[in-house]
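Student: Could you walk me through a few helices and how they pack? I'd like the cut-offs along the way.

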Amino acid sequence: MTDSLSLVMHLLQFTDSAFPVGTFSFSNGLETAAFEGLVHDAPTLEQYTRDMARQAAMTDGVAALKAHACHLRGDFAGITEADRSVILCKMNAEARQMVCRMGKKLAELSIHLIPDQTLSLWLDEIRTGNTPGSYPVAQGLVFAAEGIGSEELFCSHQYGVINMVLSAALRCVRVSHFDTQRILFNLSRETPALYEQVRTMELEEMNTFTPQADILASLHEKGLQRMFMN
């Protein structure tokens, strides 16, 4: 019981939006979507957030689960393959910057919390430029090192994506805390079905087709008005 309670506490810590990996600096493209009028109220925000969560599940979510499994079986080559696969799914520079910056921060912070050889080796590979150091792979490694399961990992991953968008929305969309919490509640109910879709997917099956999001990201890179890094 004591071990179980500790794992729950660690899960909450790693999933907390206040965990210092820089999620507050990014909006997952919402800033430009709001500026262009594509997201302007609670219903359009909910659909946008759902699209971002699904896109992340089919790409980053798959990589996180693979990294988790590879850590458990001691497959370091599989971890770096998952890391490279994440970057190949990011068509715009800001998305690549986001996952790499947050991934490195999570790895640097985690080695001070968890004495894990694989995490330390992976961080060394990041610092030498041998692997990108993506955030979902970092999540997979941290959760595996701490003994937290794959279902909990996927929930944490999805919560992070959804919460990133909704937290940004409070600063750039005309919505209230009631709206964002209702959206989070609704989308949380969809997480089990998404997990069932992706839990057996291989890295080569990762897929994303959200051209509108990539167009918004390209506009943001040259935008003059910005509160977020992406």
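**Helices and their surroundings**

Tutor: Happy to! Helix α7 (residues 135–146) is largely enclosed by the rest of the structure, because 10 of its 12 residues are buried (under 20% relative accessible area; exposed is over 50%, partly exposed in between, with a 1.4 Å probe and protein chains only). Helices here are DSSP runs of H or I with at least four residues, numbered from the N terminus. This is a predicted model, where local features need pLDDT of at least 70 and side-chain atom pairs count only at pLDDT 80 or more, while totals for chains, interfaces and linings use all residues. Residues are numbered from 1 along each chain as its sequence is written, and side-chain values use heavy atoms, leaving out hydrogens and water.

Student: Which residue follows α7 with a positive phi?

Tutor: Among the buried residues of α7 are Y135, L141 and F143. After α7 comes a residue whose phi is positive, near 80°: G147.

Student: Is T180 buried or exposed?

Tutor: T180 sits in helix α9 (residues 177–188). Leaving aside residues up to four places away in sequence, T180 touches L45, L166, L170 and V175, where contact means heavy atoms within 4.5 Å. Its relative accessibility is 3%, so T180 counts as buried.

Student: How are α3 and α10 oriented to each other?

Tutor: The axes of α3 (residues 42–73) and α10 (residues 191–198) come within 10 Å and cross at roughly 50°; they are lines fitted to C-alpha atoms over the stretch in contact, with angles from 0 to 180 degrees between N-to-C directions. Angles under 35 degrees count as roughly parallel, over 145 as roughly antiparallel, 65 to 115 as roughly perpendicular and the rest as oblique. Therefore α3 and α10 are oblique.

How values were computed
Helices (H or I, at least four residues) and strands (E, at least two) are DSSP runs, numbered from the N terminus.
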